[in-house]
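Here are some notes to read with the model open beside you. Take the points in any order you like.

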Amino acid sequence: MLKSTHKLTLKLWFTKWFIHFKKIRYVEYSSAEIEDLIKPHLPQTVPISVPRGEGKLVLLSAKVDMPKAFDLLHCQLLCSFEVNYLASPIYRAHLLVSLTAKPDYDQQQQAVYLAETRIVNIRLVKDEYSIIKDYKSLLTLFIPSPVLSLFTGTMKNAFNLMSSTVPVEMNDYLKLYVDGSKQRVLDYHQSQLEKRVAEMTQSESLRYTMDENIWEEWVFINLGKEVVIEEGKLRFKLKS
């Protein structure tokens, strides 16, 4: 019987023969197959900076598309974004993050990763998950009840009262919530959210390392040339 190393050598020889005669040019993956590869690595959570509070962004799911007219991977990420003060949520929303990226291959690490990531937009999802506390609700978090029961002033006076209770930068941040606009709060955090999402796409958990125990991947490790988007597929192209 042939030893396993001899079998691999023989398989590799036949593979090279097929490649030489254009019988095998690439191995390809569909959008659905890529989504299946991503699923085991979700959800992912990253912190979001909030003055004297706690914020977090959670990547929940990813929808992948590869339009035939482009050489880019198009992703739509469903995320949840939450801001908490004193363990109480004052803002919570689902977000849809659209981005584009190019797949690339690191030969040394034998890993596929996303390069040239660009955030296209971040938009709010209107659903029952979404909440935002108004200024009166915020007052109950930071001002003692006996003092609050005496309060009958205007909104301006309310924040003046709060400013004597909480740090200045925290008071300035909470003013974003005066008119109850979820979009206004999202706009404030936009640049930080974009940065965090871009960092997530570069994380180790979203880099796919080739497995030498899987025949197709072992072939690419030894005979692979590049990873590209073509004809709406992710293709692992082989050296001819």
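Predicted model: local features only at pLDDT ≥ 70, side-chain atom pairs only at ≥ 80, totals over all residues.

1. Numbering starts from 1 along each chain as its sequence is written, and side-chain values use heavy atoms, with hydrogens and water left out.

2. How many cavities of 30 Å³ or more are there? The count is two. A cavity here is a set of points, on a 1 Å grid over the protein atoms alone, where a 1.4 Å probe fits but cannot get out, and lining residues have an atom within 4 Å of a point. Grid points are joined across faces, edges and corners, and a volume is the space filled by probe spheres set on the points.

3. The largest cavity holds about 470 Å³ of space. Its lining runs to 26 residues, and Ile 34, Ile 38, Leu 114, Leu 206 and Tyr 208 are the ones nearest the centre. Two or more lining residues come from each of helix H2 (31-38), strands E3 (54-65), E4 (73-85), E5 (88-106) and E6 (111-125), and E10. Those labels are DSSP runs numbered from the N terminus: helices (H or I) have at least four residues, strands (E) at least two.

4. Look at E4 next. Ten of its 13 residues are buried, so E4 is largely enclosed by the rest of the structure; buried means under 20% relative accessible area (1.4 Å probe, protein chains only). E4 pairs antiparallel with E3 over eleven bridges, and Leu 59 has Cys 79 in E4 as its bridge partner. Two strands pair if DSSP finds at least two bridges between them. Another 13 bridges join E4 to E5, again antiparallel, with Val 83 opposite Tyr 91 in E5. The E4-E5 hairpin has two residues between the strands, and Leu 86 takes a positive phi near 50° there.

5. There is also an open sheet of three strands, ordered E1-E10-E9 with antiparallel pairing. Its edge strands are E1 (26-29) and E9 (224-230), each pairing on one side only. E9 and E10 (residues 233-238) are joined by six bridges, and Glu 230 faces Lys 233 in E10. Helix H8 (residues 215-223) packs on this sheet and touches E1, E9 and E10; contact means heavy atoms within 4.5 Å.

6. What lines the second largest cavity? The residues are Val 27, Tyr 29, Met 210, Glu 216, Glu 217, Phe 220 and Phe 236. H8 gives the most, with three residues. This cavity has about 60 Å³ of space, and its lining divides into five nonpolar, no polar and two charged residues.

7. Finally, Leu 176 sits in the loop between helix H6 (168-174) and helix H7 (182-201). Is Leu 176 buried or exposed? Leu 176 counts as buried because its relative accessibility is 11%. Beyond its neighbours within four places in sequence, Leu 176 is in contact with Arg 184, Val 185 and Tyr 188.

Note on methods: Axes fitted to C-alpha atoms, helices over the stretch in contact; angles between N-to-C directions. 1 Å grid on protein atoms, 1.4 Å probe; cavity = no way out; pocket = protein on both sides within 12 Å on 5 of 7 lines; lining within 4 Å. Nonpolar A, V, L, I, M, F, W, Y, C, P; charged D, E, K, R; others polar. Buried < 20%, exposed > 50% of the residue type's maximum accessible area, 1.4 Å probe, protein only.
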